[in-house]
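I opened my notebook for another model today. Here is what I looked up, in the order I went.

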Amino acid sequence: MTVRSVEVELGVGAALPRARRRGFFERHQSRIRALGSIVVVFALWELIGRFVITNRLFFVPLSSVFASAGDLWARGELQLHVRTSFLEFALGFGAAALAGIALGAAMAVRRALRDYLDPWVAFLYATPTVALAPLFILWFKLGIESKVAVILLVSIFPILLNTLTGIEGTDRHLIEAARSFGARPMQIFAKVMLPSALPVIVTGLRLGLARGLVGVVVAELFGAKAGLGYLILYSAQTFDMAALFAGVLILALAGVVSSEALKALERRLAPWRFVEVER
Amino acid sequence: MTAKLELRGVSKWFETRSGDVVEALRGVTFDVHAGEFVSVVGASGCGKTTLLRLVDGLLAPSRGEVLLDGRPIAGPGLDRALVFQLDALFPWRTVLDNVLFGLEVQGRLGEEARRAAGELLRFVGLGGFERAYPHELSGGMRQRTNLARALAVDPEVLLMDEPFASLDAQTREIMQAELLRIWNARRKTVLFITTRRSTSPTGSSSSRAGLARSATSLPWTCRGRAGWT
């Protein structure tokens, strides 16, 4: 037996041939399963509504919900409710996003500001602020202002706190590297802290979004002239289950779509966090 | 030959949270000439990284002075670049944008700079990876990006903090040879820090460096202190 060593030429940096393209079902496996799950549950809903719980005061089949939504649309009511709620939400959540990110960032870089605001953030975050909705209705009347205020208040804190922790959590090695290249404090903030915190901020936006949607409904339940929350309340009072479910479904759909959009944004902003793992 | 870099009785101590004073360096005196490659060899925890941070200007000495071209160092400057121990690359920037970072913050970004950065990447063997992100690269490639980022600002003094410590033996050897090649080609003044003599490029048998020397022969007080690496 002889001892020998084998030298292997390793292709440093050489481009590898493209991996075998996986089939359609393999690539979309998760999505196909999710879709299948939705289809099954909706089918069960329809069947239970038709054959099991036949009392229309308690439950209605899915087809009736769609019919009711179509009916409301034809009368122009649904558009009004969706438009009203959407406007309230857009204003409230937009304000919460701007103020939350600005305040969170300011608190992260200014120690004194943080010390002053910390107790109030903790206090208000812990308070079930939707409980203040009746008070806001009293202050701002039935108009849009009261809803915007409620949505702003319930959705600002996850955004603010995530911005704060995101910026504070910036890898100090990266800050030091930037400093070593002569970056000024404003440059370190804009070119290192903010991009580093961005994925965490988007997660905060996602959490705030979910709370904001609850805020829309609750605010409208306490007093409104239009909106999806109003539609739900009014339908419940007139025992119109189909319209009630239509309102709930639209809200759920809005929540899912916007949340997925933000998730997609997270992936785009921080691809290094989502390195694909074989499962 | 005049000294490029001079350390005159440099001491540095830190105050910990509990109020204790930890001494990292005491009375360090040595100088480095222009174009020289000096390795500082010492056990971990003896203040080598602190030394580099003082020279880079990230820290100020507690006593003594650090002079560059005869002038005290006031802060990080365009004439020095630090290559970090861990590849402190920005994960949201492509390889090319990482390399351009120094020029960008110094307002020296232009078509010419981009072209030069691309050339530099080919020089360190990363041609074709300009648009890749750090997480898509191997450890050795990341460390070469790190090196290219420091070279991109065209510093007079290159400060290297155990840049190859985390690499495997084979990659380390390749990188050391590459560093010597770069040093030979560009004639930078290099201050290189390492724990082991064998990991110093100038200590390796393949060294062809005429001017290279090891700083262990210098009056160097190395005090073993856990926690300071």
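**Ground rules.** I am working with a predicted model, where local features need pLDDT of at least 70, side-chain atom pairs count only at pLDDT 80 or more, and totals for chains, interfaces and linings use all residues. Residues are numbered from 1 along each chain as its sequence is written, while chains are lettered from A and ligands numbered from 1 in the order in which they are written.

**Helix 4 of chain B.** I took helices as DSSP runs of H or I with at least four residues, numbered from the N terminus. Helix 4 of chain B covers residues 111-123 and reaches 18 Å from its first C-alpha to its last, close to the 18 Å expected; that expected span is 1.5 Å times one less than the number of residues.

I then asked which residues of helix 4 of chain B are buried. I found Ala117(B), Leu120(B) and Leu121(B), where buried means 20 or more other C-beta atoms within 10 Å of a residue's own and exposed means 12 or fewer, with C-beta atoms placed from the backbone. The buried residues fall within an arc of 100 degrees seen down the axis of helix 4 of chain B, so they line one face; the arc uses directions from the helix axis to the C-beta atoms. On the other side, Glu111(B), Glu112(B), Arg115(B) and Glu119(B) are exposed. Just after the helix, I noted Gly125(B) with a positive phi of about 80 degrees.

**Chain contact.** I found 19 residues of chain A in contact with 23 residues of chain B, contact being C-beta atoms, placed from the backbone, within 7 Å. Helix 8 of chain A gives the most to chain A's side, with seven residues.

**Domains.** An automatic or database assignment gives chain A domain 1 (28-59) and domain 2 (71-274).

How values were computed: Helices (H or I, at least four residues) and strands (E, at least two) are DSSP runs, numbered from the N terminus. Two residues are in contact if their C-beta atoms, placed from the backbone, lie within 7 Å.
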